[in-house]
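Hi there,

Here is the structure I promised to pass on. Please have a look, and you will find my notes below it.

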Amino acid sequence: MFDIGFAEILIVSIVALLVLGPEKLPTAVRTCGLWLGRIKRSVSAIQSEISEELRVEELRRTTAISKEQLEKELKEMRQPFNAASQDVSKTVEEAAKAVDKPDVASNLQDNESNKP
């Protein structure tokens with residue numbers, strides 16, 4: 001993250017010792033350490049939340065794609081059944097029309113009565 005070498009840390013510690021003095025330096029270092037720890041935990045929590053949101057979004061996207069694929073397959077599977085259903089309906093309608101015609105019904109009765 002930061003490119004801080006040993007020389008920079010040594011210079012900062014000497015300046016802090018001169019400015020704060022030997023009495024306040026341990027308290028200041030401890031306070032800085034606590035702040036850095038809080039900052040690291042906050043950054044870590046934010047990173048984990050972002051990672052979780054990305055994972056959830058990827059799952060949503062994958063689920064949507066799977067749903068579309070399943071709906072497409074279901075539509076393809078229904079087509080033969082729909083065609084068969086239409087054929088059956090057409091045949092039933094034709095049979096119903098044939099039964100409703102009086103000429104056909106009387107011809108059938110005449111044919112049956114003429115049989116020995």
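**Salt bridges and a nonpolar patch**

With a relative accessibility of 36%, Glu52 counts as partly exposed. Please keep in mind that this is a predicted model.

Glu52 has a partner: Arg55 forms a salt bridge with it, and their closest N and O atoms are 2.6 Å apart. The two residues sit 3 residues apart in helix α1, so about one helical turn separates them. Arg55 is partly exposed too, at 45% relative accessibility.

How many salt bridges are there? The count comes to 3. Another one joins Arg60 to Glu57, with 3.8 Å between the closest N and O atoms. This pair also lies in helix α1, 3 residues apart, or about one turn of the helix. Arg60 counts as exposed at 55% relative accessibility, while Glu57 is partly exposed at 36%.

Then there is the salt bridge between Arg61 and Glu58, whose closest N and O atoms are 2.8 Å apart. Because they are 3 residues apart in helix α1, about one helical turn lies between them. Both count as partly exposed, Arg61 at 43% and Glu58 at 41%.

Now for the nonpolar side. Phe6, Leu10, Ile11, Ile14, Val15, Leu18, Val19 and Leu20 form a surface patch with about 840 Å² of accessible area together. Phe6 belongs to helix α1, which covers residues 6-100, and is exposed at 67% relative accessibility.

As for the whole chain, it has 2 helices and 0 strands. Of its 116 residues, 2% count as buried. The accessible surface is about 11100 Å², 62% of it belonging to carbon and sulfur atoms.

Best wishes

Technical notes
Residues numbered from 1 in each chain as written. Predicted model: local features only at pLDDT ≥ 70, side-chain atom pairs only at ≥ 80, totals over all residues. Heavy atoms only, no water. Patch = residues over 30% accessible without salt bridge, like charges linked within 9 Å, V, L, I, M, F, W, Y side chains within 5 Å. Areas by Shrake-Rupley, 256 points an atom, 1.4 Å probe, with all protein chains shown as cover. Salt bridge = Lys/Arg side-chain N within 4 Å of Asp/Glu carboxyl O. Helix = DSSP H or I, 4+ residues; strand = E, 2+ residues; numbered from the N terminus. Buried < 20%, exposed > 50% of the residue type's maximum accessible area, 1.4 Å probe, protein only.
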